[in-house]
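Please take a moment with the sequence and the structure before reading on.

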Amino acid sequence: MNTFSTAALAAAAFLVLVSQPALAQQKLDAAKSEMAFVSKQMGVPVEGKFRKFDAQIAFDPKKPEAGKVSFTIDTGSATFGAPETDAEVVKPVWFNVPKFPQATFQSSAIKAVGPGKFEVTGKLAIKGSTHDVVVPVTLTQAGGTTTAAGAFVIKRLEYKIGEGEWADTSMVANDVQVKFKLLLNGVPSL
């Protein structure tokens, strides 16, 4: 539960990183995209996902430094697939959805690091805390669709996810992996 919230938040940050205001025709296909997070609870991996997120993208793979990506994730859409856990992650000790309904990511720099590989640097804001993150992204293209995929790790306690008794990292690990697979339309050829 705590681990899932942290991972979901991290996933949201990464999506924000991969999508920012851009060319009018560039668009995230949210229905076919995935934003997931993985944390460990008592040493056991626990995976969750965000059901609602959006991105604004302005990106040309041939001119990555001119690109912009922003992402918004509805923290109340986090799910572990268990109703009792899903009811907990919205509470103040976790995401505090009534006070902080969204997590956001805003890119500040994008650079190429290899063929189809990029690093997106930016600010990830979750639950009132903002930190710099670097998100590795791999792009592949087929049939006019660009897939942006990657994963990165955030520290849940830096974002105040899992406060109080849940701050004990022997119960819920501090590291949360955010994984994403975003389908984008309108991105120029690699």
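## Two buried tryptophans

W94 and W166 are both buried. In this predicted model, the ring centres of W94 and W166 lie 5.4 Å apart with the planes at 45°, so the two rings count as a tilted pair. W94 belongs to the loop between α2 and β7, while W166 belongs to the loop between β10 (145-155) and β11 (175-185), so this pair ties together parts of the chain that are 72 residues apart in sequence.

## Other aromatic pairs

How many aromatic pairs does the count come to? The count comes to six aromatic pairs. One of them is formed by F50 and F95, a tilted pair with 6.0 Å from centre to centre and 55° between the planes. This pair, too, links distant parts of the chain, since F50 sits in strand β3 (residues 44-50) and F95 in the loop between α2 (83-89) and β7, 45 residues apart. Both F50 and F95 are buried.

The phenylalanines can also be viewed as a group: ring pairs link F37, F50, F80 and F95 into a cluster.

## Strand β7 and its partners

Strand β7 (residues 102-114) runs antiparallel to strand β5 (residues 68-74), and five bridges join the two. Within this pairing, D74 has Q102 in β7 as its bridge partner. Strand β7 also runs antiparallel to strand β8 (residues 117-126), to which it is joined by nine bridges, and here A109 stands opposite T121 in β8. The strands β7 and β8 form a hairpin with two residues between them, and G116, which is in the turn, has a positive phi of about 70°.

Two residues of β7 can be looked at individually. S107 lies in strand β7 and has a relative accessible area of 6%, so it is buried, the cut-off for this being under 20%. The side chain of S107 reaches the backbone nitrogen of V69 at a distance of 2.8 Å. G114 is also in strand β7, but G114 has a relative accessibility of 27%, and it therefore counts as partly exposed. The C-alpha atom of G114 is separated by 9.3 Å from that of T138, a residue 24 places away along the chain.

T138 leads on to another set of strands. In β10, the bridge partner of T138 is A149, and the pairing of strand β9 (residues 129-142) with β10 is antiparallel over five bridges. These two strands form a hairpin with two residues between them, and G143 in the turn has a positive phi of about 55°.

Strand β10 pairs with β11 as well, again in the antiparallel sense and over 11 bridges. In this pairing, V153 has Q177 in β11 as its bridge partner.

## Confidence along the chain

The confidence of the predictor is given as pLDDT, and for the protein chain its mean is 89, with 87% of the residues reaching 70 or more.

Key: Residues are numbered from 1 along each chain as its sequence is written. This is a predicted model: local features need pLDDT of at least 70, side-chain atom pairs count only at pLDDT 80 or more; totals for chains, interfaces and linings use all residues. Side-chain values use heavy atoms; hydrogens and water are left out. Two strands pair if DSSP finds at least two bridges between them. Helices (H or I, at least four residues) and strands (E, at least two) are DSSP runs, numbered from the N terminus. Buried means under 20% relative accessible area, exposed over 50%, partly exposed in between (1.4 Å probe, protein chains only). Rings of Phe, Tyr and Trp (its six-membered ring) pair if their centres lie within 6.5 Å; planes under 30 degrees apart count as stacked, over 60 as edge-to-face and the rest as tilted. pLDDT is the predictor's confidence in each residue, from 0 to 100. A polar contact is a pair of N or O atoms within 3.5 Å; within protein, one must be able to donate a hydrogen and the other to accept it, and residues adjacent in sequence count only if both atoms are side-chain atoms.
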